[in-house]
Each structure stands twice: as structure tokens, then as C-alpha cells.
Amino acid sequence: MTVTPNPDSMREVTRIGDLYAFYEPLLTERQRQIIEMYHFEDMSLAEIGSALSISRQAVHDQLRRVGEQLEVYEAALHLQEIAAKQRTAWTRLTDCWKVVGPRLPEADRTHMQRAIEQMAATLSSLTGGEADA
């Protein structure tokens, strides 16, 4: 028998992981530990409960509460939403640059290329290396 993963469940796991990347410093050590064990180490609720000397139900409740808390942070701060818009804008900018850049005089092209590289470095430091000039 083949088990088909629930796409909604997979989206939820992905969303929690994405939100965690933005709001991890706002969580308690215990909350971070449970999220990391469940989402990144792929441990079961029972395994986490055993490792932390708490019940499986307590792990489940903690995961649910942390997920809700991450959603509250995103609703208030919109960091994930802003990052998605920045990635879209960056892609549009670099696509446009590939077309327009070669048409510019050398001095203008060099000046603009430096500005784009500086922006790429700034974005890369904020996103962990996602921006390329």
C-alpha cells in the first residue's frame, strides 16, 4: 500500500519552517528545540516526548501553540510576505538588467553594475545567500 502525503499537511510543514526562519529568535529555547526536532530532524511526537521526558500529547500541543505563535508574529510583522515581494522585485530587476545593461554606455553600465552588486550583497546578507547579481 502506498501512502500519499497530504499536500495541505506538507504546505503547513513548509510554512512553519519558513516562518521559523524569520521568527526563531522570538521563540523560547524549548519551543525552538521542539520545532527543530519535529521539522528538521524528522522525529515523531513520541520520539520527541521521550527525548524531552514529556508526553506525546504535550509535544503535539506545543507544536500547535508554536505554529499559532509564528502565525501571530507574521500577521503583525509580515517579514515572510516582505521577503517574498523582495525576491520577486529582485528577479524582475535582474531580468531587466540583462536586457538593458548591454545597451548602456560603458560608464553607465559599470556604475549600474556596481549598484546592483551592492544590492545583491545586501540582500544576500539578509537572506543567507539567495541574491545573485
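This is a predicted model: local features need pLDDT of at least 70, side-chain atom pairs count only at pLDDT 80 or more; totals for chains, interfaces and linings use all residues.
## Around Y38

Leaving out neighbours within four places in sequence, Y38 is in contact with M43, L45, I48 and L63, where contact means heavy atoms within 4.5 Å. Y38 sits in helix α2; helices here are DSSP runs of H or I with at least four residues, strands are runs of E with at least two, and both are numbered from the N terminus. Is Y38 buried, partly exposed or exposed? Y38 is partly exposed, at a relative accessible area of 31%; buried means under 20%, exposed over 50%, and partly exposed in between, with a 1.4 Å probe and protein chains only.

Residues are numbered from 1 along each chain as its sequence is written, and side-chain values use heavy atoms, with hydrogens and water left out.

## Overall make-up

The protein has six helices and zero strands, so to speak an α-α-α-α-α-α run from the N terminus on. Of its 133 residues, 26% count as buried. Take the contacts between residues at least 6 apart in sequence, and 48% of them join residues at least 24 apart.

## Where α2 meets α3

Back to the helix that holds Y38. The axes of α2 (residues 29–40) and α3 (residues 45–52) come within 10 Å and cross at roughly 140 degrees. Axes are lines fitted to C-alpha atoms, for helices over the stretch in contact, and the angles run from 0 to 180 degrees between N-to-C directions. The two helices are therefore oblique to each other: under 35 degrees counts as roughly parallel, over 145 as roughly antiparallel, 65 to 115 as roughly perpendicular, and the rest as oblique.

Which residues do the meeting? From α2 come R30, Q33, I34, M37 and Y38, and from α3 come L45, I48, A51 and L52. By type, the residues of this contact split into seven nonpolar, one polar and one charged.

## The cores

A nonpolar core is a set of buried Ala, Val, Leu, Ile, Met, Phe, Trp, Tyr and Cys residues joined through side-chain atoms within 4.5 Å. The largest has 17 residues, and those with the most contacts inside it are L27, I34, I35, I48, V59, L63 and L70. Two or more residues each come from α1 (7–23), α2, α3 and α4 (56–77), with α4 giving the largest share, five residues.

L70 touches I16, L19, Y20, Y23 and L27, not counting residues up to four places away in sequence. Apart from this core lies another, of five residues, including W90, W97, I116 and L123.

## Two positive phi values

S53 has a positive phi of about 60 degrees although it is not a glycine. S53 lies in the loop between α3 and α4 and is exposed, with a relative accessible area of 67%.

H78, in the loop between α4 and α5 (79–100), is another non-glycine residue with positive phi, near 60 degrees. H78 is partly exposed, at 33% relative accessible area.

Technical notes: Ala, Val, Leu, Ile, Met, Phe, Trp, Tyr, Cys and Pro count as nonpolar, Asp, Glu, Lys and Arg as charged, and the others, Gly among them, as polar.
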